Every structure is written in C-alpha cells, then in structure tokens.
Amino acid sequence: MCHVSVGHVARGVEESGIPTVAVYVAAFRFVAEEMSLPRTLITHHPFGRPIGPVGQPARHLEVVLAALGLLEAAERGGTVVEMPGRFAAG
Amino acid sequence: MSESLEEFKDSFSYGSRNDLSFKFLKRLAPDRAAEAIRQILEAVGTSFDTGEVDELHDLVIRWQVAAYAPEAGSPRKYVYHDAPWALPTKPLEASRVGLMASSGHFVAGDDPEPFGVEDMTQLEAVDRIGEFLRETPVLSKIPRDFDPADLRVRHGGYDIRSAVKDFNVTFPRDALLAAQAVGHIGAVADPLYSFPGAASQGRLRKHALPGWIEMLHEAAIDVLLLVPV
C-alpha cells in the first residue's frame with residue numbers, strides 16, 4: 001500500500017505545481033503505471049531497498065541522479081524509465 | 001501437526017514465519033510458490049560453489065515482480081488515466097530539492113507515537129499493520145543535517161533491516177547532499193520528510209495530503225524526490 005500512498009502524494013503534489021519524480025522497485029512498476037504518475041524511475045532492486053544495497057553510496061548517487069534527471073528529460077506525464085544495473089550487494 | 005503448502009507459504013506474510021522480504025509468497029498460488037522456493041534453494045546451492053549471490057538476488061526480485069503483478073482481469077482500485085504534469089521552473093543546479101519517503105523514519109525525540117503508544121517497536125508495528133492501514137499517516141519532519149545516530153525507522157509493511165543498517169537505501173539524504181556538493185542541484189531542502197506509507201488512502205488524500213502540499217509550498221521546494229518503500 002506504500003506505493004499507492006506515494007502515488008497519491010505524487011499526483012497531488014504535481015497537481016499543485018511542484019514537479020515530482022518517484023523511485024519504484026520493479027515489483028511495483030505496475031502501481032506507477034496504473035496511477036499515471038508524472039515521472040518514475042524503476043530500479044531492479046528488492047522490495048524494501050529501492051535506492052540500492054547497504055553501504056553503496058556510489059549506487060545510491062547513481063539512482064538519485066537518474067531520478068532527478070527525469071525532471072529535465074521527461075516530456076510528458078506517465079514517463080516510466082528503467083534504471084540500468086542490478087542489485088549488487090557486498 | 002501437519003501443515004499444508006498453502007499454510008506454509010502464507011505464514012511468511014504476517015504469520016508464524018513472518019518475513020516481509022518474502023511475504024510475496026502468499027500472493028502466489030501454491031504450485032508457483034513451491035516453484036519459487038525450489039528455484040531459490042537451487043540458487044542458494046549454486047552460490048555455495050560460486051560465491052556469487054547476484055543471480056540469487058535477481059531471482060528473488062523476479063519472483064517479487066511475478067507475485068505482485070495484478071492478475072489479468074482482476075478489479076483495480078487506483079487506476080488513473082490522466083497524468084498530472086508540472087514543468088520545473090528553474091534548472092536543477094538552481095533548484096531546491098525536497099525528499100519525501102514512505103519509509104517510516106523519524107528522529108529520536110520526535111516519535112509520532114502511533115495509536116498513542118510510546119516507543120512502539122517494529123514488531124508491534126508489524127502486528128498492528130491492519131490498524132495502520134485504517135489510519136491517517138503522520139508525516140515526520142527530519143532535519144536535513146540529522147545525526148545518523150538519532151535517526152529511527154519503524155514500518156510494519158517492509159523489511160527494515162537494510163534501512164536500519166543504512167538509512168540511504170530508503171531515505172537517500174546522503175546522495176542528495178553529494179549531488180548538492182558537486183553542483184548538480186542547487187540545495188537539499190530542509191527539513192526532509194518521511195511517513196509510514198501503510199495508511200488509509202481515503203484519509204491520506206482527504207486529511208493529510210492537503211496540509212502536506214501547503215507545507216511543501218511554504219518550504220519553497222522546487223522539485224520533490226519521492227521514495228515509496
């Protein structure tokens with residue numbers, strides 16, 4: 001239900017005039033698509049670890065920069081982009 | 001006492017074997033859950049020889065995707081056909097970037113105390129997940145420059161073990177600060193926000209969200225990064 005909650009936040013905040021981007025794990029891509037979110041980055045990470053593995057700041061930064069990049073690159077609402085790379089712990 | 005396969009797989013979702021990373025097993029039909037477990041065990045066995053666990057992790061992720069995918073033709077509740085759209089008014093390198101996650105973080109001394117409970121444990125939050133799902137979510141304001149030792153996380157809907165070890169996996173404050181340090185963004189907004197996303201959708205939209213939106217505008221946030229967990 002968390003992913004639906006954030007979907008409603010994204011829609012409401014965007015409607016108020018603040019651009020949003022959300023990072024969803026692959027398992028909940030369908031929520032972002034069903035809810036027609038403005039901009040979504042999909043990571044192939046496990047449920048509960050959307051930004052990446054523990055102790056990997058380089059991967060975290062890579063994901064966050066990719067998400068923020070959608071704020072400039074996306075041209076229309078409903079944009080869903082897959083983040084390259086796998087979940088590589090350790 | 002005998003236990004059916006259905007009872008076994010269901011026990012990982014708020015049952016006797018509760019494990020929120022594997023609660024997806026409940027969503028699979030018994031034969032598919034059995035196949036998921038077989039494949040996962042096979043991958044564990046392979047990893048003994050290779051020392052490689054990335055394939056194992058990929059396998060679990062693929063089963064999570066399969067388990068949560070809606071069944072064809074199943075009724076869907078939150079489907080919208082219009083995508084709201086607002087354009088950034090300034091470049092990222094000049095923007096104040098906000099962070100809001102449904103991660104259940106808060107700082108010591110500012111526990112939202114759900115249902116009036118002081119120092120609620122993660123275990124109790126898991127046990128009371130049904131009550132959370134009927135409640136209005138409470139938003140926690142988290143100072144941008146918080147000391148990690150002061151950060152707490154509690155959320156009955158996901159496996160918080162990773163978030164306890166490294167908050168950045170669900171609440172990427174440090175990545176935003178790194179982006180600011182190299183001039184990729186103008187500034188990280190202060191405070192940051194988190195709430196337990198397991199909540200009543202009606203109450204969220206009617207009672208919580210309007211105030212949250214007003215607060216974001218008052219904080220002069222230019223763009224918002226959202227992290228559902």
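Among contacts in chain B between residues at least 6 apart in sequence, 77% link residues at least 24 apart. Contact here requires C-beta atoms, placed from the backbone, within 7 Å. The model is predicted: local features need pLDDT of at least 70, side-chain atom pairs count only at pLDDT 80 or more, and totals for chains, interfaces and linings use all residues. Residues are numbered from 1 along each chain as its sequence is written, while chains are lettered from A and ligands numbered from 1 in the order in which they are written.

Chain B contains eight helices and seven strands. These are DSSP runs numbered from the N terminus (helices, H or I, at least four residues; strands, E, at least two). Its C-alpha atoms fill a box of roughly 60 × 45 × 40 Å along the principal axes. Of the 229 residues in chain B, 32% are buried. A residue is buried with 20 or more other C-beta atoms within 10 Å of its own, exposed with 12 or fewer, and partly exposed in between; these C-beta atoms are placed from the backbone.

B:Leu139 lies in the loop between helix H5 (129–132) and strand S3 (140–142) of chain B. B:Leu139 counts as partly exposed because it has 19 C-beta neighbours inside 10 Å. Leaving aside residues up to four places away in sequence, B:Leu139 touches B:Tyr193, B:Phe195, B:Ala208 and B:Trp212. B:Gly197 is 58 residues from B:Leu139 in sequence, with a C-alpha to C-alpha distance of 9.7 Å.

In chain A, 13 of the 14 residues of H1(A) are buried. Just after H1(A), A:Gly17 adopts a positive phi of about 110°.

Methods: Contact = placed C-beta atoms within 7 Å.
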